[in-house]
Amino acid sequence: MIEKSISSLPLWFFRHFLEYKEISHFISTRIGGYSNPPYDSLNLGFHVGDNPASVLKNRERLAMSLGISVESFTTAAQIHDCNVRIITSDLKGKGATGYNTAVKDTDAMITDIPGIYLMVLQADCVPIIFLDFRKKIIGVVHAGWKGTLRMVTKNTVNVFMEKFSSSSDDIIVGMGPSIGPCCYIVGSEIINQVKKVFNNKREYINEIIKNDKYLDLWNANKIQLMEMGVPEKNIEIARICTFCTHTTFFSYRSLGGETGRFGAGILLKE
Ligand SMILES: [Zn+2]
């Protein structure tokens with residue numbers, strides 16, 4: 001990824017995605033917003049206890065930098081599951097200015113409609129963005145350990161292929177900052193679930209679990225992409241650990257749970 005300030009707001013971008021002029025995308029940081037501690041400062045989540053007026057100002061600040069209106073953002077009430085929602089034009093702007101309208105019960109969204117800025121919110125979970133560059137279809141996923149083990153990423157590629165007739169070769173993927181295998185210590189119950197979900201395949205388990213206690217969410221999601229036929233060269237992984245970089249990105253674990261959320265989004269330009 002590369003960092004670039006747009007209208008003096010620091011944002012991060014996937015190199016792969018910058019080649020496609022028909023889209024806009026971003027990963028935001030915690031820098032440049034209006035929220036007070038512990039949400040300082042560019043908290044984009046309405047659901048975490050921050051003052052909603054500050055969150056709205058933060059989203060407006062981001063929208064201004066991206067050159068869009070805040071009502072273009074479309075966000076979900078994320079529940080750490082594997083549901084994929086196709087975003088039709090009547091859902092444009094859901095969750096943009098308040099949590100109560102957010103798209104219910106989903107952690108993955110896909111659309112082929114220009115002008116809808118799909119956005120997921122996280123603080124340690126993995127934000128993943130998708131583009132079928134041939135058919136012009138975009139997607140976003142929020143994948144923590146639960147969503148990852150429920151195969152939300154695999155399901156999302158499946159919807160691209162089943163509902164939009166995408167070819168897996170045409171899908172490019174960006175995996176943004178999240179808690180990394182350097183810091184993500186999990187208990188034996190989760191380790192056992194990983195083994196079960198990945199059918200005890202040694203080559204997978206070795207990629208996902210280190211020293212029997214560190215979980216690698218990046219590899220766990222990359223394996224799902226590759227199992228669906230997405231070529232490795234299409235997958236860009238930021239390899240930025242939010243726990244290690246919690247002064248730049250919100251990290252739920254390192255900041256004691258009460259903190260803000262940064263965003264990851266993608267839009268097909270109109
Ligand atoms: Zn780390």
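Trainee: Which order do the strands of the open sheet have?

Mentor: This is a predicted model, in which local features need pLDDT of at least 70 and side-chain atom pairs count only at pLDDT 80 or more, while totals for chains, interfaces and linings use all residues. Residues are numbered from 1 along each chain as its sequence is written. Strands (E, at least two residues) and helices (H or I, at least four) are DSSP runs numbered from the N terminus, and two strands pair if DSSP finds at least two bridges between them. Here six strands run in the order 1-2-3-14-7-4, with mixed pairing. Strand 1 and strand 4 (73-74) are at the edges with a single partner strand each, so one side of each has no neighbour in the sheet.

Trainee: How does strand 1 pair with strand 2?

Mentor: The two are antiparallel, over five bridges. Glu 3 has Trp 12 of strand 2 as its bridge partner, and Ile 6 stands opposite Leu 9. Two residues separate the strands of this hairpin, and Ser 7 in the turn has a positive phi of about 45 degrees.

Trainee: How many residues of strand 1 are buried?

Mentor: Buried means 20 or more other C-beta atoms within 10 Å of the residue's own, C-beta atoms being placed from the backbone; exposed means 12 or fewer, and partly exposed is in between. For strand 1 (residues 2-6) the number is zero of five, so the strand lies largely in the open.

Trainee: What does Met 119 touch?

Mentor: Contact means C-beta atoms, placed from the backbone, within 7 Å. Leaving out residues up to four places away in sequence, Met 119 touches Phe 73, Val 140 and Gly 263, among others.

Notes: Two residues are in contact if their C-beta atoms, placed from the backbone, lie within 7 Å.
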